[in-house]
Amino acid sequence: MNEQQQSLLKYSRFKPWEPVLWLLAFAAPVLVPSHALIINEIAIVGLFAVSLDLILGYTGIVSLGHAAFFGLGGYAAALFAKLVMPDPLVGLAVGIGTAALLGFAASFTVMRGSDLTRLMVTLGVGLILLELANKLDWLTGGADGLQGVVMGPLLGRFEFDLNGITAAYYSLTVLLLLFLLLRQVVQSPFGATLKAIRDNRLRAMAIGIPVNAKLAMVYTLAAGVAGAAGALMTQTTGFASLDLFEFHRSADVMLILVIGGTGWLYGGLAGAIVFKLLQDFLSAITPQYWTFWIGLFLVVLVLVGRERLMRPWTWFKRPSSAGSKA
Amino acid sequence: MLTLLFDGIAYGMLLFILAVGLAVTMGLMNFINLAHGAFAMAGGYITVLLMQRFGVPFLLCLPLAFLGSALLGGVLERTLYRPMYHKPHLDQVLFSIGLVFMAVASVDYFVGSTQQIVQLPEWLKGRTELGSGAWMLGMGHYRLFIIAVCAGLTVGLQYVLGYTRFGSRLRASVDDQRVAAGLGINVNMVFLSTFAVGSGLAGLGGALGAEVLGLDPSFPLKFMVYFLIVVAVGGTSSITGPLLAALLLGIADVAGKYYIPKLGAFIVYSLMIAILIWRPQGLFVRKGGK
Amino acid sequence: MNAHPIHPENAETVLSAQGLVMRFGGITATNNVTLNLKKGARHALIGPNGAGKTTLINLLTGVLQPTEGRIVLEGHDITHLAPHQRVQRGMVRTFQINQLFDTLSPLQTLALTVSQHLGLGTKWWQPLGRNQQVARRCEQLLTQFHLTEVMNQPTHVLAYGKRRLLEIAIALACEPRVLLLDEPVAGVPAGEREELLQTVAALPADVSVLLIEHDMDLVFSFANFMTVLVNGTLLTEGTPEKIANDPQVKAVYLGHGKEVDHG
């Protein structure tokens, strides 16, 4: 094994803190069972954010409509449970599959155009899904949402109960499995070509990378994972509402990813933890005007510089003039 | 049907006035400003508050709305927006979303979330009808007023852009900032004044539109898409592009909601996506331009 | 340093641009250009600034679609192929202004390029460093281009000279049969030019090279055939000796007072 191979492999090896982090995550529902519900939420939102990282952090597509896949996965799973069968795993698969299909179709809309065009188009897709869910109220329950989504026992044995422990473990397990999958993907040659597309699309084409084909693949994958998060959401909370498709969901998940840091997968998880805990804390203080503080946070975050957020020692230094990449 | 066309044109012209500032600043500063709707909202609320609390007549409120929003825009440009110009687009998006959230929550806190009602003066209420049957043209007087004001502003804008020194400085800065600065054009001033005027126009549009489009704290979020559609489809290299795009959008939206109410806004969004896929630079961009 | 024998007239043409026209609105950037690149050629494309040389490269590589004309690569009409498809058929270019992957290191950049070239670009289950063949090829390229010491640094911190070397290295990682070099030594300090030139000169004899350059010393030492482009139109072409002595070319491009010493 030459020096080059060693360097490359070092980059993709599991760091020592990773298994520790996951062990802690899985111990949490048992250690603090009263917080099982929020642990569940954090896992779901984290998964959603990680799926966005795939297209935003690794491929460089700024999307304002990622909630479309989240909502579609959620509604698909909920409807499946109500109309076909209540098995959670099959429902999860249905949610993933439906969202992935939409992702594939939507990928054709982000292949051409500037950042602005893509922003518009992703926003448009999100809004269309919201409109559709609203108008097809005979199916989706419209503004009232789908109530009474009752899930069967997980793997035939673990009932979903009110204390949320089963739900938390369900979400954490799905999160871990999908996370490992995505981790594998972004470390692979395929993942490297995504980063190439992000950094310099022109050069990526000039070394033979079929950019559009890759975009379709990653968009489909990201949509599927977002759909999984949505499915987990409706399955563990027992209902589906239009809120899943709302613009603020797309904006929030982008904020979460940015807080944690784009382009390193764990950023989605870190951001989810910080965001959810912050939201819990602030909502207790100012329940109604939570969006104001989020807005202020965003403005300050960007003015100060995103990459400095997770490095508190840089907060009071002057920003360097050498531009750091987005 | 003619009435629909008329209503669509009125809506389109209103959208144009609301969005033209965004088109110009996007072409000029290459800045994705999703908070543009907040300036429109500001104009609307200034008008409503002046009318309700201070009894200021409607017509006087319009220029005041313009001035108020322009002032707000100028201050924000100088303080907050300027450091953002060279940041990546993602940062600009996050920044402007943050501003919108703050604006929406602030208005909600200070004024409340109910729909604001604008009491139009008597001479603007009412309707004239020409012709009869299927070819009847029903013209609401207020919509006539809107068309008149917006048409006048459009002509004024074209004049300023095409025939004044400021206009040529602006066009030079849009084409190539560095060269313009090298020619001695004070690009910072151009940015500041353009942004202020653009925001002022948005405020005026918000004031005009309060009666037609409704006014509540969620205004910037609800209409943000429409403004962006006008800019994305119309392009940022002229003002006729956004004008045509706005008219197209206005007519399509009104007609769509009338003929196929079940699908509503769905048509507009799909149309937009289709257009942007077909011509990513916008429908009305001159060849070789930005 | 003209080490290349003049290629025989009947060497096969590997890349042929036939009657290429490129119009942008009112401007004709490329005016009915026909250019044939022979196998193993060291073919230089010269002309004053704005002559349309980079436009021609953009047309050949598919970044631009010609208004009229055809492009034939190794016997296949590639006029309507996407840029990445042309690369997959063996035609690779470098850019006048470095086009690099700033957040990736030279090692990662080359590894992904080699992987893509070897058809591993869709492998998602193996880490980037797993394939030994890729790693060995990276070692070769890094050594050849003197990038080994900086191989793990993100590209955006590298000095310009190193970035330029990486620019060329990426192209060679694709194992091109046809290589289009757009001003490879532009901006490279005089001391490092030799290094770069030697690497270019050491290319395998069966790789056909089209070179755009302004440095006349480089051009005359490297090329065995030259095409002169002025205002998007082909002025003349021929061996370096012929070009050096052509009065038209002298007037338009080489300028007065420049002695071209070929006997």
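## A walk through chains A, B and C

Start in chain C. Strand E7(C), helix H6 (residues 190-201) of chain C and strand E8(C) make a right-handed β-α-β unit. Right-handed here means that, with the strands pointing away from the viewer, the path from the first strand over the helix to the second runs clockwise. Helices (H or I, at least four residues) and strands (E, at least two) are DSSP runs, numbered from the N terminus.

A word on the source. This is a predicted model, in which local features need pLDDT of at least 70, side-chain atom pairs count only at pLDDT 80 or more, and totals for chains, interfaces and linings use all residues. Residues are numbered from 1 along each chain as its sequence is written, while chains are lettered from A and ligands numbered from 1 in the order in which they are written.

Back to E8(C), which covers residues 208-212. Strand E7 (residues 178-182) of chain C runs parallel to E8(C), and five bridges join them. Two strands pair if DSSP finds at least two bridges between them. Within this pair, Val178(C) stands opposite Ser208(C). Strand E3 (residues 42-46) of chain C is also joined to E8(C), by four bridges, and these two strands run parallel. Here Ala44(C) stands opposite Leu211(C).

How buried is E8(C)? Five of its five residues are buried, so the strand is largely enclosed by the rest of the structure. A residue is buried if 20 or more other C-beta atoms lie within 10 Å of its own, exposed if 12 or fewer, and partly exposed in between; the C-beta atoms are placed from the backbone. Both faces of E8(C) are covered. Ser208(C), Leu210(C) and Ile212(C) are buried on one side, and Val209(C) and Leu211(C) on the other.

Eight of the nine residues of H1(C) are buried, so the helix is largely enclosed by the rest of the structure. The buried set is Lys53(C), Thr55(C), Leu56(C), Ile57(C), Asn58(C), Leu59(C), Leu60(C) and Thr61(C). Gly62(C) follows H1(C) and has a positive phi, near 95 degrees.

Now chain A. It has 14 helices and zero strands. Its radius of gyration is 20 Å, close to the 20 Å that the globule rule gives for 326 residues, so chain A is as compact as a globular protein of that length. That radius is taken over C-alpha atoms, and the globule rule is 2.2 Å times the number of residues to the power 0.38. Along its principal axes, the C-alpha trace of chain A spans about 55 × 50 × 40 Å. Buried residues make up 55% of the 326 residues.

Chain A is divided into domain 1 (19-285) and domain 2 (290-326). These bounds come from an automatic or database domain assignment. The C-alpha centres of the two domains of chain A lie 25 Å apart. Of the contacts in chain A between residues at least 6 apart in sequence, 76% join residues at least 24 apart. Two residues are in contact if their C-beta atoms, placed from the backbone, lie within 7 Å.

Chain A touches chain C. The contact takes 29 residues from chain A and 39 residues from chain C. On the chain A side, the elements that give two or more residues are helix H1 (3-12), helix H8 (165-187), helix H9 (189-199) and helix H10 (201-206). H9(A) gives the most, with seven residues. By class, this side of chain A has 14 nonpolar, eleven polar and four charged residues. Ala, Val, Leu, Ile, Met, Phe, Trp, Tyr, Cys and Pro count as nonpolar, Asp, Glu, Lys and Arg as charged, and the others, Gly among them, as polar.

Chain A also touches chain B. That contact takes 36 residues from chain A and 37 residues from chain B. Which elements of chain A give two or more residues to the side that touches chain B? They are helix H6 (115-135), helix H12 (247-260) and helix H14 (290-304) of chain A. H6(A) gives the most, with 14 residues. This side of chain A divides into 24 nonpolar, seven polar and five charged residues.

Last, chain B. It has eleven helices and two strands. Along the sequence, the pattern is α-α-α-α-β-β-α-α-α-α-α-α-α. With 290 residues, a compact globule would have a radius of gyration near 19 Å, and chain B agrees at 19 Å. The C-alpha atoms of chain B fill a box of roughly 60 × 45 × 35 Å, taken along the principal axes. Buried residues make up 49% of chain B. Among contacts in chain B between residues at least 6 apart in sequence, 77% join residues at least 24 apart.
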